[in-house]
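Subject: Structure handover

Hi,

Here is the structure I promised to pass on. Please open it alongside this note, and my findings follow below.

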Amino acid sequence: LILLVGAIVITAIGVVLTVGMNVVPNPADGLSSALGKKLGRDLGFGKNLFDFSAIVISLAIGLIGAGRPVGIGIGTVIAMVCTGRVITAFNHFAKKKIEEITIA
């Protein structure tokens with residue numbers, strides 16, 4: 001669980017930096033950003049929505065293919081919920097500084 005928490009924090013910081021600095025994000029982060037903007041919400045909410053839909057699709061594939069959920073554990077659910085929330089928190093504190101750095 002300690003490694004999971006560390007991974008979530010580092011992932012969230014990376015997402016905020018790549019998306020906030022307009023560096024080309026990976027497809028999942030770009031889609032999360034677009035979802036958040038389209039819904040009038042922030043990047044963290046878009047990430048939560050994207051991760052939730054990925055879990056739902058994975059559950060459906062597992063149920064169709066194996067007749068039971070496969071590969072979805074407590075770590076997956078914790079990561080789904082917490083990554084978006086940590087992104088929102090980090091973005092709240094760092095957004096102004098990131099904008100100063102990228103605009104200047």
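Let me begin with a charged pair: the side chains of Glu100 and Lys97 meet in a salt bridge at 3.9 Å, N to O, where a salt bridge means a side-chain nitrogen of Lys or Arg within 4 Å of a carboxyl oxygen of Asp or Glu. Both residues lie in helix α4, three residues apart, which is about one turn of the helix. Helices here are DSSP runs of H or I with at least four residues, strands are runs of E with at least two, and both are numbered from the N terminus. Glu100 is partly exposed, with a relative accessible area of 46%; buried means under 20%, exposed over 50%, and partly exposed in between, using a 1.4 Å probe and protein chains only.

Before you go further, please note that this is a predicted model: local features need pLDDT of at least 70, side-chain atom pairs count only at pLDDT 80 or more, and totals for chains, interfaces and linings use all residues. Residues are numbered from 1 along each chain as its sequence is written, and side-chain values use heavy atoms, with hydrogens and water left out.

Lys47 and Asp51 are four residues apart in helix α3, so about one helical turn separates them. Lys47 and Asp29 are buried, and Asp51 is buried too. Through shared partners, salt bridges join Asp29, Lys47 and Asp51 into one network.

Ser32 sits in helix α2 and is buried, with a relative accessible area of 1%. Not counting residues up to four places away in sequence, Ser32 touches Leu43, Gly46, Lys47 and Phe50, a contact being heavy atoms within 4.5 Å.

Leu43, in turn, is in helix α3 and counts as buried at 10% relative accessibility. With the sequence neighbours up to four places away left out, its contacts include Val15, Val16, Val19, Asp29 and Ile87.

Leu43 also belongs to the largest nonpolar core, which has eight residues in all: Ala12, Val15, Val16, Val19, Leu43, Ile87, Ala94 and Ile98. Such a core is a set of buried Ala, Val, Leu, Ile, Met, Phe, Trp, Tyr and Cys residues joined through side-chain atoms within 4.5 Å. Helices α1 (2-20) and α4 (74-103) each supply at least two of its residues, and the largest share, four residues, comes from α1. Leaving aside neighbours within four places in sequence, Ala12 is in contact with Thr83, Val86 and Ile87.

One last item is the lining of the largest pocket. A pocket is an open set of points on a 1 Å grid over the protein atoms alone, where a 1.4 Å probe fits, with protein on both sides within 12 Å along at least five of seven lines; lining residues have an atom within 4 Å of a point. This one is lined by 14 residues, of which Val19, Gly20, Lys37, Asn91 and Lys95 lie nearest its centre. The largest share of the lining, five residues, comes from α4.

Best wishes
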